[in-house]
Amino acid sequence: MPSLTLLGQSLLSGLFIGGLYGLFGLGLSLSWGLLRLINLAHFALIFLGAYLTYHLTTTAGLDPFLALLVIAPTFFVLGVALQAAFARLGVGEFASLLVTFGLTVVIESVIQGIWTADFRRLESPYGTAALRAGPLFLPVTEVLILVAAAVLSVATWAWLRYTYVGKALRAGAEDPAIAAAFGVDHRRLALLLSGLGAAYAGVAGTFVALLYTLAPSQIYAWIGVVFAVVIIGGLGKPLGPLVAGIAIGISEAITMALTAPSWAPLVSFTLLILVLVLRPDRV
Amino acid sequence: MLLVAAGLALAAVPALEPPAFFESLLYLVFHWIALATSWAILSGFSGYFSFGHGAFFGAGMYTTATLAATYGVPFLWTLPAAGAVAALLGVGIGAVVFRVRRLRGELFALLTMAVTFVLATVVLNTWIDGGPGVFLSAVEVPRIVASPASTIYLLGLTVALAAVVAAWAVQRARFGRGLFAIADDEDVAEVLGVPTYRFKLVAFGVSCFLAGVTGGIHALFVIYVTVAETFSITVPLYVVLMSVLGGARHWLGPAIGATFVTLLTFAFVGGEWAVVGRAAIGLTLIAVILFLPEGIMGLTRRRERGRARGFPAIPAGATSPGAPALGIMPGSPRTMLVCRDVRKAFRGVQALAGVDLEVREGEILGLVGPNGSGKSTLINVVSGYYRPEAGRILLDGRDLARESGHRIARLGVARTYQIPRPFSRLTVLDNVALAAMFGPAVLDRAGAEREARRWLEFVGLAERAQALPSELNLHQRKFLELARALAAAPRLVLLDEVLSGLTPAEMADAVALVRRIRDRGATIVFIEHVMRAVLDLTDRAVVLNYGQVIAEGRPRDVMRQPDVVVAYLGKIHA
């Protein structure tokens with residue numbers, strides 16, 4: 001039986017990675033729930049953001065968070081362009097899965113072409129700084145991730161719920177034709193939402209670069225967990241991925257503490273399979 | 001047969017002693033042909049796109065690796081085991097997943113992807129692999145021909161041929177037609193008599209078996225089996241691309257796609273080019289999905305149909321009155337269908353609140369009521385799309401309430417839909433022939449096509465036999481629905497608002513057709529809002545309101561009853 005400190009640290013660990021899962025899942029959940037597009041390329045964008053952060057920090061000497069300020073708007077534009085292309089080409093829900101699958105492979109190849117398949121590790125100025133709470137360590141970077149995820153999730157939730165634009169988006173997602181009759185231009189709003197999702201991907205990418213060693217094949221390692229988070233959290237609900245992410249993160253951490261680390265993926269995938277089979281109406 | 005000749009020619013290649021890399025390259029082509037074709041047998045034909053083909057391939061690979069390296073089982077014996085393990089895994093998953101109606105399309109894709117990751121984790125963490133991978137260098141390659149490489153080549157050729165022949169056989173059989181129907185509209189296929197659950201399971205089983213055997217052979221080819229390589233994204237990605245590129249709904253499509261992509265990747269094999277090659281694969285997938293969704297074989301089929309359309313369909317036998325008789329000619333008014341206290345609720349909406357009615361043999365029963373009264377729900381329940389919570393539905397004494405849709409269809413119940421739901425990728429003729437193939441008479445393809453042509457004559461669509469449903473107007477599509485419902489030679493026909501959306505002239509046509517259908521011996525339940533048609537056509541009428549029968553009798557009498565008037569028009573408040 002592992003010690004209380006170990007369990008406590010695991011719980012914290014799980015909490016923080018849950019925040020990252022929530023951040024990953026936010027953009028995906030929004031585009032799947034509100035735009036009816038399954039954007040597998042979201043993962044490739046996250047890693048593109050990670051590599052760009054790495055690049056800007058190591059070659060241009062930028063602070064990673066400044067790099068974020070550059071990356072987020074750029075990715076916003078990318079997201080808008082992607083949605084414009086989808087709308088133009090009339091891509092439906094299932095086709096979007098396949099097309100973004102192809103897009104993921106293309107982006108992965110581009111990443112590999114520019115930065116090679118060698119592992120890349122960002123030497124972060126925030127490196128190992130950590131806060132302390134008794135015997136437990138709270139790494140600064142990870143706390144920041146959780147804070148960022150929470151802030152963005154709550155902000156998005158509030159935006160969708162209380163502002164006119166947010167309500168218009170939700171209406172357009174439910175019934176574009178009727179919403180249009182009430183003056184809602186779903187096409188423009190879809191561009192906005194897609195841009196936002198891509199910007200979130202960029203933000204997530206910066207944090208990935210700060211925390212992890214990068215390799216192009218890593219893109220696929222996240223797909224399963226994040227889909228589990230998105231589906232369990234409920235499509236189109238901004239707070240969903242965060243809550244589900246934290247739940248899954250903690251479950252994984254406990255599993256890792258009690259058994260071996262390599263069993264961790266089993267938790268999220270098994271949960272995903274169970275949810276899909278037992279509660280398919282969540283999707 | 002062209003295929004046999006090609007197979008023999010390719011089998012002779014090792015005898016010519018070509019350079020080793022050539023045999024390897026050809027082996028890889030066969031490997032991908034086998035994988036892509038096996039994938040298409042389920043996913044291409046039935047539309048259940050699986051992103052988890054890698055799981056079954058990997059299961060086969062690890063079965064062979066474990067049996068041969070760890071337990072010393074002779075290699076050739078491990079191959080059927082590899083196939084069996086993969087097939088069991090697939091059928092096990094399918095048995096659970098195919099029962100859940102919501103798990104289609106993208107959800108099935110995600111689920112199968114998740115299965116791959118789960119399997120990879122389990123294999124990595126247990127004694128099967130444990131981390132370091134499995135070495136097959138000590139495994140003896142059976143000596144069928146001179147060199148081990150040639151043996152592997154021949155095994156690869158065998159499984160590729162097996163896969164292609166299997167796909168060809170499936171496509172030609174009734175089974176294949178059923179799968180195509182499932183791909184277009186599974187619910188309609190089920191009520192036409194296609195045993196959808198069973199067909200999907202069989203297709204999945206065959207697909208996984210072939211993938212497993214391919215994996216088993218590949219284990220010996222690579223010699224060093226690791227989790228990372230086996231369960232990577234490569235297999236799922238490539239099989240989808242190859243099948244879609246070549247044409248996922250054609251037995252030869254995946255083979256063409258596999259050959260093309262393998263040779264193309266081979267051209268990009270070294271260093272820098274490998275990355276470009278991968279990017280090209282991704283771009284090709286995008287381009288194909290957007291611009292060529294039916295693949296290369298789809299192009300040829302489109303050209304064939306363009307040619308065929310120029311000629312009018314050849315009438316098979318007699319002209320219009322030649323359509324065969326249905327059921328038993330009306331004698332005494334025997335009760336055919338009895339609904340007793342049928343109840344169905346949808347999360348708080350009680351659609352059917354205890355329906356009691358009878359349908360007598362040979363009559364046209366009008367089923368009327370305001371919108372939302374439960375008429376369509378009743379049809380859905382009788383035909384098997386929904387299961388009622390309570391009550392009995394007796395067709396000649398046999399309770400239909402717990403039966404699945406395809407069994408009810410086999411018992412002789414057919415229905416049409418208010419908004420026609422033809423199979424969009426099958427021709428008009430194939431749509432109708434499908435019903436004949438899976439209806440009570442269970443005809444083979446030739447017989448079914450003859451029946452289909454007769455019914456198309458009957459409804460006046462004989463000339464459009466080779467058209468696709470999207471090329472018909474609403475009136476013609478409704479008649480196609482009718483022909484399809486009738487081709488199964490049903491005893492009971494449920495017509496759901498057949499006249500909606502038609503012009504007055506077209507309505508007169510439709511009413512005349514319904515009369516002729518009854519004259520052939522069918523019993524008809526006729527849901528309609530057009531009162532004139534109900535009054536003219538029906539022998540008896542039943543009025544539903546809020547899920548219950550509130551009136552029953554002769555149409556003119558029923559429509560004058562005060563509570564019926566109130567149900568439709570509301571109360572007058574003085």
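The following exercises, each with a worked solution, concern a predicted model.

Residues are numbered from 1 along each chain as its sequence is written, and chains are lettered from A in the order in which they are written. In this predicted model, local features need pLDDT of at least 70, side-chain atom pairs count only at pLDDT 80 or more, and totals for chains, interfaces and linings use all residues.

**Exercise 1.** Determine how H7(B) and H16(B) are oriented to each other.

*Solution.* Helices are DSSP runs (H or I, at least four residues), numbered from the N terminus. Helix H7 of chain B covers residues 174-191 and helix H16 of chain B residues 428-438; they pack at about 125°, with axes 11 Å apart. Axes are lines fitted to C-alpha atoms, for helices over the stretch in contact, and angles run from 0 to 180 degrees between N-to-C directions. Angles under 35 degrees count as roughly parallel, over 145 as roughly antiparallel, 65 to 115 as roughly perpendicular and the rest as oblique. H7(B) and H16(B) are therefore oblique.

**Exercise 2.** Identify the residues through which H7(B) and H16(B) make their contact.

*Solution.* Two residues are in contact if their C-beta atoms, placed from the backbone, lie within 7 Å. H7(B) contributes Arg174(B), Arg177(B), Gly178(B) and Ala181(B). From H16(B) come Leu434(B), Met437(B) and Phe438(B).

**Exercise 3.** Describe the side of chain B that touches chain A.

*Solution.* First, 31 residues of chain B are in contact with 34 residues of chain A. Next, helices H4 (75-97), H5 (105-125), H10 (234-246) and H12 (271-291) of chain B each give two or more residues to this side. Finally, H5(B) gives the most, with 13 residues.
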